[in-house]
Amino acid sequence: MGILAIAVTLAAQAPKPAAKPYAPPRTPDGRPDLQGIYDLATLTPLERPAGMKAVLTEDEAAKLERDIAARKDQAGKAISGDRSAPPKGGDGSTGAAGGVGGYNNFWLDPGSSYTMVNGERRTSLVVDPPDGHVPPLTPAASQRALAQRVARPTSDATESRDPGLEPPGSYDDPEKRPLGERCLLGFGSTSGPPALPDYFYNNLHQIVQTPDTVMILTEMVHDARIVRMNAEHLPKKIRKWMGDSVGHWQGDTLVIDTTNFTDKTRFRGASEDLHVVERFTRVAANALLYRFTIDDPATWAKPWSGEYTWPATNEHIYEYACHESNYALENILRGARRREADEAAPRK
């Protein structure tokens, strides 16, 4: 082989130069600029569904996304104004519409694609344990969850279901209703921490930062988390709905450490000693990578972690007109008392 041929062969075999790491825009104090509005809607669930592998191919993801879009279009078709009333007791459906019907899927926005991290279409937000599932509860946590099943709602509760499907006593006390229904926190832990997709609607989050403070605004129930930078945690006796968040920078990653939760929050049944560490890294001009680690030895057998991408959006956040003690709550409880009276009345 000639010298020229050898040179060409060696050049062809030489490794390609590594792509330059993304250089994020920076604020006047030199930190990565994380500010913007992000849409957290995704089809990727917190835990991996049975029978699914950890990563989908592009073709597999595209087919699933098309199928889901087709079902959403079908379910979102206009409801006829001439339709008859649902049967007494409802039509047997479940979910936010209950058994008597409600707004159709046109109004819902559960996401249209699987989250992509490092070029992979993920089938679960949970990445540790590798099986994509939250670790089992400790025996003490299982007993605690059973005792408090109706006593107190959790911060990750979804919108309420039909009264006939909820545990007995769920409508006996306003403080037993979900925190989102009471306008205290967004449904499904969308307020965080950890900040999770609610798979429902109102998926937007906005980040505003200064050298001393970072604010994370959640569209759902308009929660605003205030993160104090380079600060000490508040005394343990001070407990907050979203915990006490303090932040610091590790290189170009914003790390937020949150403790001091109230025992009224109970994310997935956690104790008030829940400890959440979040990491925000701008990985592209239009995306953040969000990672979180959950640690509560009183609740789970071991710590667990998850991650997903927050795509930037040009959509606007509008007012979510929800407030504690909203007037509908009285009628929710009144309706439950009427239902009980009807069920107790002698049949004619």
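Hi everyone, let's start with a sheet: 3 strands form an open, antiparallel sheet in the order β2-β4-β3. Its edge strands, each pairing on one side only, are β2 (55-56) and β3 (116-117). Strands here are DSSP E runs of at least two residues, and helices are H or I runs of at least four, both numbered from the N terminus. Two strands pair if DSSP finds at least two bridges between them. Between β2 and β4 (residues 120-122) there are 2 bridges, and V55 has R122 as its bridge partner in β4.

A quick word on the source: this is a predicted model, where local features need pLDDT of at least 70 and side-chain atom pairs count only at pLDDT 80 or more, while totals for chains, interfaces and linings use all residues. Residues are numbered from 1 along each chain as its sequence is written, and side-chain values use heavy atoms, leaving out hydrogens and water.

Now, which cysteines form the disulfide? C183 and C322 do, with sulfur atoms 1.9 Å apart; the cut-off is within 2.5 Å. The pair sits 139 residues apart, with C183 in the loop between α3 (139-147) and β6 (204-209) and C322 in the loop between β13 (304-311) and α4 (328-344). The S-S torsion is about -80 degrees, so this disulfide is left-handed. Both C183 and C322 are buried, where buried means under 20% relative accessible area, exposed over 50%, and partly exposed in between, with a 1.4 Å probe on protein chains only.

Last stop: T258, in strand β10 (residues 253-259). T258 counts as buried because its relative accessibility is 0%. Beyond its neighbours within four places in sequence, T258 has contacts (heavy atoms within 4.5 Å) that include P193, R225 and H233. Thanks, everyone!
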